[in-house]
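Hi,

Here is the structure I promised to pass on. Have a look, and my notes follow below.

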Amino acid sequence: MFKDIQQTIEDKIKAYCAANDIPLAALKWTAIPFSGEWGMSTSFFQTAADEVRAGKGKKLPVPQRAQEIAEQVKAEVGGVEGISHAEAVKGYLNVYFKTSDYARRVVDEVLSAGDDFGRGRPKGERVMVEYAQPNTHHSFHIGHARNTILGEVLARLVEFAGFDTIRASYPGDIGLGVITVLWAYDRFYKGQEPQGVHERGQWLLKIYAEATAKLEKKENETPEEAAQRESYDAERREMLRKWDAGDPYVRELWNTTREWSLDELREVLKMLDVNIDVWFYESTAHELGKEIVDELIAKGIADDERPEGPVIVKIDKKLGLSKEKYRTMVILRSDGTALYSTNDLALAKQKFEQYHVDRSIYVVDFRQSLHFQQVFKILELWGFPQAPKCYHLAYGYVTLPEGAMSARRGRVVLFKEVYDEAVRRVLSLETERSGNIPENERVKIAEQIGLGALVYSMLAVDNNKDIVFDINEALSFDGRTGPYIQNAHVRANSILKKANVQAANLQPAAFNFELTKHEIELIEQISRFPDAVQQAANEYRPLVMAAYAYDLANAFHSFYHAVPVLQSEDENIKNARLRLVAAAKQVIANSLRLLDIQAPEVM
RNA sequence: GCCCCUGUAGCUCAACGGACAGAGCACCAGCCUUCUAAGCUGUUGGUUGUGGGUUCGAAUCCCGCCAGGGGCGCCA
């Protein structure tokens with residue numbers, strides 16, 4: 001906001017420097033710290049340093065010269081419309097806005113834009129975010145939740161920032177792991193089927209863990225046990241071969257169990273309010289892979305070492321690098337079957353050609369960093385102009401205090417378990433803390449709060465860090481948490497409800513009284529929202545929005561505590577503060593929406 | 001051997017190369033007949049792993065070292 005004022009001031013500074021032969025460096029504006037007033041700040045260190053380097057000007061130390069320039073420039077900007085005063089401090093020029101104008105402008109803009117406040121102008125580019133890609137025949141665990149939440153929030157951010165956005169999911173519905181479940185189901189549990197979408201999904205995970213135990217080589221195993229294990233393994237491999245050959249029995253088995261998993265996945269996505277636009281499945285990507293390999297060989301990018309070896313791309317060599325960096329990627333097995341890399345290359349081509357995406361974002365854990373660097377480089381060699389705009393959003397694992405989660409050992413924390421526990425905890429708190437929640441909404445609100453806590457805990461850590469999952473921390477409702485932000489929304493709503501006003505029937509009001517520092521801070525935070533959206537989207541970092549939302553809620557809580565609204569001393573102040581509360585509620589709601597967290601009216 | 005990530009307060013984490021490195025949790029001291037205490041206010045707590053370098057200015061950029069994690073031609 002206020003780019004017009006900024007531009008006016010910049011023009012004045014530039015004119016002054018040009019007239020006085022000062023080699024002005026690019027101006028970077030930031031907020032003024034520790035001020036308690038609004039304004040913006042820029043420094044002249046770089047300019048002073050440039051001057052010294054050019055041998056111009058007086059021989060002053062850089063900080064002193066910067067201060068001198070700031071003082072000179074200060075005189076130029078005093079009379080600008082909307083500016084109250086300016087000051088030169090330690091080499092910085094601080095420009096303060098007229099509080100009443102500024103406050104009114106911010107609040108009016110929020111109230112008129114509503115849900116669209118902060119939305120960026122269309123950027124004319126299409127971005128596809130690929131996330132929510134768990135394997136089927138496993139249950140959805142807390143690590144999948146991190147992936148899905150990161151991806152969804154990123155999608156919401158880039159969409160709101162102005163990108164045409166496509167959400168894509170890529171479940172791994174085939175592979176040896178999937179076949180292992182099929183085999184064990186067919187061998188030991190054929191015909192059984194638990195009731196309930198989640199129960200069925202979780203049951204498959206249990207079968208997987210059991211099957212792995214049966215197939216794993218044990219210490220000190222007897223010859224009989226070894227023979228049994230090898231025979232099981234042979235059955236499993238035979239089943240994979242049959243699947244590949246399209247055997248009707250195996251395919252039918254696969255389809256049925258696959259649907260159980262996908263049912264569970266769709267249910268979880270619904271709980272998280274995630275709507276996937278495009279579903280890619282590994283099983284169908286398989287078919288596409290072979291052709292692109294031929295194309296890459298024909299173009300001289302890939303080397304075919306068959307039948308002795310696989311099809312490979314010597315990336316470093318093709319790029320002319322002497323040190324090993326991207327290494328060599330195998331893109332097709334020597335027997336002609338597809339690999340993960342084959343599928344990803346084929347899918348990327350499809351994204352570019354069929355979906356016309358300009359940017360392609362992959363939300364996948366950090367262990368696959370090299371894989372994606374290799375894929376992106378091959379896309380570049382292949383000649384796709386979108387290759388430089390492919391981005392791997394790598395995130396750390398969610399581990400348990402006792403170590404890594406392991407589906408094979410059945411040592412996983414399921415999303416549904418945590419969700420249920422979250423709802424239980426909120427319900428018991430509601431009894432204690434909330435008096436006025438209607439009986440028929442208690443569960444719904446508990447779900448919103450519980451999920452809010454869980455989701456925020458996944459977003460409040462930068463994505464490149466591992467999260468050691470502690471349920472008490474994830475489901476904390478105090479301090480820097482989802483419920484803290486939701487509570488700010490509820491309190492704002494509470495005031496408006498009590499005043500019996502809607503955003504639509506707020507009285508106009510002027511902020512022509514002396515504002516408290518809490519009001520100033522709150523308005524400052526509100527005005528930051530559009531920039532926070534752009535920053536989070538440009539850097540592909542949900543954390544930026546998570547941090548912003550907390551700061552905003554924090555400013556509101558302080559305001560709420562210190563500044564009376566309904567008890568204001570006069571009618572104009574009351575109306576102005578009601579507008580401010582309505583604006584704050586709106587921006588908190590917008591922030592929560594981007595974070596995929598519900599904004600309840602009561603809690 | 002090579003590559004990537006991480007190292008900041010007791011713990012969990014922030015900080016476009018810029019002003020006194022900030023929050024939360026925990027600890028301690030206050031604040032509920034007053035718009036919801038899932039809250040507010042205050043106190044305590046730091047040679048940013050380490051040694052150099054670049055810069056007017058470094059937690060941030062570059063080099064070395066230490067510690068932890070991950071990856072490196074037919075797993076995904």
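**Rings, charges and cysteines**

Y102 is buried, at 5% relative accessibility (buried means under 20% relative accessible area, exposed over 50%, partly exposed in between, with a 1.4 Å probe and protein chains only). Before going on, some housekeeping: this is a predicted model, where local features need pLDDT of at least 70 and side-chain atom pairs count only at pLDDT 80 or more, while totals for chains, interfaces and linings use all residues. Residues are numbered from 1 along each chain as its sequence is written, chains are lettered from A and ligands numbered from 1 in the order in which they are written, and side-chain values use heavy atoms, with hydrogens and water left out.

Back to the rings: there are 29 aromatic pairs in the structure (Phe, Tyr and Trp rings, the six-membered one for Trp, with centres within 6.5 Å; planes under 30 degrees apart are stacked, over 60 edge-to-face, the rest tilted). One of them is F97 with Y102, stacked at 5.0 Å centre to centre with 10° between the planes. F97 is buried too, its relative accessible area being 5%. Elsewhere, F117, F160, F529 and Y548 are joined into a cluster by ring pairs.

Two charges sit over rings (NZ of Lys or CZ of Arg within 6 Å of the ring centre and within 35 degrees of the ring normal). K214 is over the face of F188, 4.4 Å from the ring centre, and R258 is over the face of Y281, at 4.4 Å from the ring centre.

As for cysteines, the structure has 0 disulfides (sulfur pairs within 2.5 Å). C17 is buried at 1% relative accessibility, and C390 is buried at 8%.

Cheers
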